[in-house]
Amino acid sequence: MAEVEVREIRKSFGGGNPAVDGISLTCKNGEYLVLLGPSGCGKTTLLRMIAGLEAPTGGDVLIGGKSVRALPPRARKIAMVFQSYALYPHKKVVQNISFPLEAQGMSAQERMEKVKWAAGLLGIDHLLQRKPRQLSGGERQRVALARALVREPQVFLLDEPLSNLDAKLRASARLELKQFQQRVGVSTIYVTHDQVEAMGLGDRIAVLNQGRLQQVGTPEEIYHHPANTFVATFVGSPPMNLLERDGKLIGFRPENIRLEKNAGSRDDATVFRGHVLRVENLGSDRYVYLRVKDAHGDTNVIAKFAIAEPLEFSNDEDADLVIRNRNINFFDRDSGQKAAA
């Protein structure tokens, strides 16, 4: 395993804004780093520059402390798993896994030993004689991981490998990916637009938007202490609520709202007067949609409660929103960046 560092990396494709705009970022030894952001934010382009599949317009890529910008992909000691898995449909699983080793000129006996080792680690020993069309989505994913693993890379690069799986299979595949990475201990950079994947897999998360790095931190830091309003509203479902009062932009999570009647003023909390528009039951959770007056007039707010929590309010009722001050984030009204209280 090895540390991966990008320094002021840039990529432009002709005119317009750069796809990646001066990002500096480090994936530590053995770390699971997730690149999270909306479509078109530059995360896949960044991953491809680390892999050597795209040439940077500027900046540098270091693996194990050494610049690899001039090295071709095969010399970087990385392995990449694509969204499509890129398996050869006419080859059996055993041939798909061993293909990179054939290109290295390894003997047939050595190749088979490595294939059996990787297949055993990923629980696909019994699939070696099948072809990709005979496999489920989760099995194809494990074959792609095994093919990457036999190369004994210093770094794994994964580009949305779960996006083709259904919701139920994605949940189990997340667990498998995390357990696999912990077993092999290889530094891993994982690209996704799915915040659930990011929060569940990442030791740290790097949030990107419009080619720029917005914040790097643990899932807890990203969720509870966003660096700006983009992170605040991109991460979280429902997203963080934003209201303006006394010249300040106030952010708070839906689950941090309590609803009361005639709450009055509080020293330890901030209170907004609201009106219930709709109550929505969603299995284990209940969402309450409210209209609240702030400096801009009427603003919609979402409160989130566990379905087991009692709720004394229904549609078309007035309610006071009470948010403890310790659960409030403050942002600069003009720049959107985190600000002091």
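This is a predicted model: local features need pLDDT of at least 70, side-chain atom pairs count only at pLDDT 80 or more; totals for chains, interfaces and linings use all residues.
Strand β14 (residues 269–282) pairs with strand β17 (residues 318–324) in the antiparallel sense, over 7 bridges. Within this pairing, Arg273 stands opposite Asp320 in β17. Strand β15 (residues 285–294) is joined to strand β16 (residues 297–306) by 10 bridges, and these two strands also run antiparallel. With 2 residues between them, β15 and β16 form a hairpin. Arg286 has Phe305 of β16 as its bridge partner. In a regular strand, side chains alternate between the two faces of the sheet.

The helices call for another kind of description. Two packed helices are described by the angle between their axes and the distance between those axes. Helix α2 (residues 93–103) packs against helix α3 (residues 108–122) at an angle of about 125°, and their axes are 9 Å apart. Because of this angle, α2 is oblique to α3. The crossing in which α2 passes α3 is right-handed.

Which residues make the contact between the helices? From α2 come Val94, Ile97, Ser98, Leu101 and Glu102, while α3 contributes Arg111, Met112, Lys114 and Val115. Sorted by class, the contact of α2 with α3 has 5 nonpolar, 1 polar and 3 charged residues.

Key
Residues are numbered from 1 along each chain as its sequence is written. Side-chain values use heavy atoms; hydrogens and water are left out. Two strands pair if DSSP finds at least two bridges between them. Helices (H or I, at least four residues) and strands (E, at least two) are DSSP runs, numbered from the N terminus. Axes are lines fitted to C-alpha atoms, for helices over the stretch in contact, and angles run from 0 to 180 degrees between N-to-C directions. Angles under 35 degrees count as roughly parallel, over 145 as roughly antiparallel, 65 to 115 as roughly perpendicular and the rest as oblique. A crossing is left-handed if the near helix is turned anticlockwise from the far one by less than a right angle, and right-handed if clockwise. Contact means heavy atoms within 4.5 Å. Ala, Val, Leu, Ile, Met, Phe, Trp, Tyr, Cys and Pro count as nonpolar, Asp, Glu, Lys and Arg as charged, and the others, Gly among them, as polar.
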